[in-house]
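Dear colleague,

I am passing on the structure that we talked about, together with some notes on what turned up in it. Please read the notes with the model open beside you.

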Amino acid sequence: MTKTFLARLAAVAAPFVLAFGLGSAPQFAGAQASPAPQAAASAAAAPAPVAVPEKPAATAAAHAATAKVDNPYGIGALWSQSDAVAKAVLAILAIMSMGSWYVIVTKLLEQMRMGRQARAVDNEFWNAGTVQAGTARLAEGSPFRFIADAGMQATQKHDGLRGKVDFADFVDLCIHRATERVQRRLGNGMSLLATVGSTAPFVGLFGTVWGIYHALTAIGVAGQASIDKVAGPVGEALIMTAIGLAVAVPAVLGYNWLLRRNIAVMDDVREFSGELHSVILAGSAAA
């Protein structure tokens, strides 16, 4: 009897259960499918990413040039950051360099001019009829004309006490004295080159010692030997050494070169002096 009642109850409830299941299935399916349209809508509503344009090469180069700083250890920084002693050392080295180059250039021009005058002697002086005529053909200020004038004046001054000296010896003395004066004038400035070549390295070394002193002082004040405390003074010291060598080396080379050229020029002068002495004596004997 109980089984009959349960069977009748299941038969009555089955339609209601079936109807409830069919009504809830579409809703569940809609709940499962709804995220996809919502995601699509969200994606459509989101703003599109803005493309960032790349910087042109010119802008990058400008930024690189701006970022690049001047060398804090160069010549300009050395002059602007150095004290009075370092500036005095640099000024002395600059004066030495200018003086040595001035001597090198002027002596070279003088030697070249004397070489041209020596060639003019061969073409003009020795082809003249007399010593006076040959002397007049030589250029004013020429050392050869100076020696020829000294020889001619010796023939006119051989009187009084000078007349007691042998004529040949007196003429030779006057010509020799004039030749020595030409040699001394040709050697003017050579002592400056020798002085610069021998002292400029030591002046630069003084600047080096002064820079190292500043480096040690910076280390003592800072209490630590960091590179930023040492680099500036040590760089100053190395620059001083380099400048001293740069001043000394051209002076030494120029001194040796000009000295060798002076010897060649003076050979022409002494040759002219000896021949002039012989010609004057021959002319005096003929008279």
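In which helix is Met112 found? Met112 is found in helix 5, which covers residues 84-125, where helices (H or I, at least four residues) and strands (E, at least two) are DSSP runs, numbered from the N terminus.

Before the rest, a word on the source: this is a predicted model, in which local features need pLDDT of at least 70 and side-chain atom pairs count only at pLDDT 80 or more, while totals for chains, interfaces and linings use all residues. Residues are numbered from 1 along each chain as its sequence is written, and side-chain values use heavy atoms, with hydrogens and water left out.

Overall, the secondary structure of the chain comes to 10 helices and 0 strands, and 28% of its 287 residues count as buried. Here buried means under 20% relative accessible area, exposed means over 50%, and partly exposed lies in between (1.4 Å probe, protein chains only).

The largest nonpolar core has 26 residues, a nonpolar core being a set of buried Ala, Val, Leu, Ile, Met, Phe, Trp, Tyr and Cys residues joined through side-chain atoms within 4.5 Å. The residues with the most contacts inside this core are Phe125, Phe144, Ile147, Val269, Phe272 and Leu276. The elements that give two or more residues to the core are helix 5, helix 7 (143-156), helix 8 (167-186) and helix 10, and helix 8 gives the most, with 8 residues. As background, nonpolar side chains tend to be buried together in soluble globular proteins.

Patches are made of residues with over 30% relative accessible area and no salt bridge, with like charges joined within 9 Å and nonpolar side chains (Val, Leu, Ile, Met, Phe, Trp, Tyr) joined within 5 Å; the accessible areas come from the Shrake-Rupley method with a 1.4 Å probe, and for residues only the protein chains shown count as cover.

The nonpolar patch, of about 390 Å², is made by Trp101, Val105, Leu109 and Met112; Met112 counts as partly exposed because its relative accessible area is 40%. The negative patch gathers Asp122, Asp267, Asp268, Glu271 and Glu275, and helix 10 (residues 227-286) gives the most to it, with 4 residues. The positive patch is formed by Lys157, Arg162, Arg177, Arg181 and Arg184; Arg184 lies in helix 8 and counts as exposed, since its relative accessibility is 51%.

The structure holds 2 salt bridges, a salt bridge being a side-chain nitrogen of Lys or Arg within 4 Å of a carboxyl oxygen of Asp or Glu. In one of them, Glu110 pairs with Lys107, and the closest N and O atoms are 2.8 Å apart; both residues lie in helix 5, 3 residues apart, about one turn of the helix. Glu110 counts as buried at 13% relative accessibility, and Lys107 counts as buried at 4%. Glu140 forms a salt bridge with Arg145, with the closest N and O atoms 3.2 Å apart; here Glu140 is exposed, with a relative accessible area of 65%, whereas Arg145 is buried, at 17%.

Val265 lies in helix 10 and counts as buried at 12% relative accessibility, and the C-alpha atoms of Val265 and Leu186, 79 residues apart along the chain, are separated by 9.2 Å. Tyr255 is also found in helix 10 and counts as partly exposed at 26% relative accessibility; Tyr255 and Val196 are 59 residues apart in sequence and 10.0 Å apart in space, C-alpha to C-alpha.

With best wishes

Terms used. Lys, Arg positive; Asp, Glu negative; His and termini not counted. Charge placed at Lys NZ, Arg CZ, Asp CG, Glu CD.
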